[in-house]
Amino acid sequence: MKSNLIPLIELQKLDLRIAEVKEQRRKIPERLAASQSPLHETKRIVQETSAAIEMSTKERRNYEKDLDAHEDRIGKMKDRASQLKTNQEYQAHLFEIDLANKKRGEIEENILVAMEKIDQMQRTLVEAQSKAKEADRVFVEEKKTLDEMDRQLAGELENLEGKQKELVAKIDKPLLDRYNRLKSARKDHALAAVKDGICVGCRLQLPPQLTAEVKRMEELHTCPYCYRMLYWEEPTIETNMSGEKTQNLALGKPT
């Protein structure tokens, strides 16, 4: 049974990595859209500010036209002063000119407010244009990175799927069918290792007798709680290049 489980365990590793790679590729468009969001926002501010500046500039020009027309009316009113014959007419004329001057002051104030508004928006526009330029640079770099990531993941996926097909051909069909049913039902691992008498899949303590049988690996057993196929995995001591002992997990019986 051990010889049958080894390729199945390797298949599960491949399947899990394939699923991981596909999920990473699926998220790439989302990441690209997220990185493009600041660029869209800064461009929106640039467009809206530019439109507001154009509108305020037209408003200022209209005020300036009104001022020119009003100055012309005041000039004509002053020219009529020599035609006045009575003191009453002259006083009424001065009052009319005073009202006209106040109106001119209001128009001039509107022009100043419009100019200050335009100056402020132009400063906002320059800042927004700078941010848009930086956001565009960041987006271009992020897109380049994500495109390269997708290219590498696509290559890895092709390689993994090739290995998957080769491995599937080596597994007994009844065992493979059982594995696929479990994988589909569990939506994750179809097999689970047993470590320290615990099913790694559901993290529950297994009966000692079952643990011993799984350890012998003479036949296939399933977890009584999560129904995953069980296999034995235990630590082995290895020596690395520096001479230090390291722990690794190995499939099989204790030596």
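1. Basis. The model is predicted, so local features are taken only at pLDDT of at least 70 and side-chain atom pairs only at pLDDT 80 or more, while totals for chains, interfaces and linings use all residues. Residues are numbered from 1 along each chain as its sequence is written, and side-chain values use heavy atoms, with hydrogens and water left out.

2. Overall fold. The protein has four helices and five strands; helices (H or I, at least four residues) and strands (E, at least two) are DSSP runs, numbered from the N terminus. Their order from the N terminus is α-α-α-β-β-α-β-β-β. Of the 255 residues, 27% count as buried. Here buried means under 20% relative accessible area, exposed over 50%, and partly exposed in between, with a 1.4 Å probe and protein chains only. Among contacts (heavy atoms within 4.5 Å) between residues at least 6 apart in sequence, 64% join residues at least 24 apart.

3. A nonpolar core is a set of buried Ala, Val, Leu, Ile, Met, Phe, Trp, Tyr and Cys residues joined through side-chain atoms within 4.5 Å. The largest such core has 35 residues, and those with the most contacts inside it are Leu 5, Leu 8, Tyr 179, Leu 191, Met 229 and Leu 230. At least two residues each come from α1, α2 (87-168), α3 (173-186), β1, α4 (208-216) and β4. The most is given by α1, with eight residues. Another core lies apart from this one; it has seven residues, including Ile 118, Leu 125, Ala 128 and Ala 132.

4. Lys 195 has Ile 198 of β2 as its bridge partner. Two residues stand between the strands of this hairpin, and Asp 196 takes a positive phi near 55°. Leaving aside residues up to four places away in sequence, Leu 191 touches Leu 5, Leu 8, Ile 9, Gln 12, Tyr 179, Arg 228, Met 229 and Tyr 231.

5. Largest pocket. On a 1 Å grid over the protein atoms alone, a pocket is an open set of points with protein on both sides within 12 Å along at least five of seven lines, a cavity is a set of points where a 1.4 Å probe fits but cannot get out, and lining residues have an atom within 4 Å of a point. Grid points are joined across faces, edges and corners, and a volume is the space filled by probe spheres set on the points. The largest pocket has a volume of about 160 Å³. Its lining has 13 residues, with Gln 12, His 189, Leu 191, Ala 193 and Tyr 231 nearest its centre. The elements giving two or more residues to this lining are α1 (2-79), β1 and β4 (229-239). By class, the pocket lining has seven nonpolar, three polar and three charged residues. In this scheme Ala, Val, Leu, Ile, Met, Phe, Trp, Tyr, Cys and Pro count as nonpolar, Asp, Glu, Lys and Arg as charged, and the others, Gly among them, as polar.

6. Cavity and His 221. The whole structure holds one cavity of 30 Å³ or more, and about 30 Å³ of space lies in the largest cavity. Its lining consists of Leu 5, Val 214, Met 217, Glu 219, Leu 220, His 221, Leu 230, Tyr 231 and Trp 232. The largest share, three residues, comes from β4. His 221 lies in strand β3 (residues 221-222) and is buried, with a relative accessible area of 13%. Beyond residues up to four places away in sequence, His 221 touches Leu 210, Glu 213, Val 214, Arg 228, Met 229 and Leu 230.

7. Met 149 is in α2 and is partly exposed, with a relative accessible area of 25%. The C-alpha atoms of Met 149 and Ile 28 are 8.6 Å apart, although 121 residues separate them along the chain. Asp 68, in α1, is exposed at 54% relative accessible area. The C-alpha distance from Asp 68 to Arg 104, 36 residues apart along the chain, is 9.5 Å. Gly 105, in α2, is partly exposed at 32% relative accessible area.

Methods:
Pairing = 2+ DSSP bridges.
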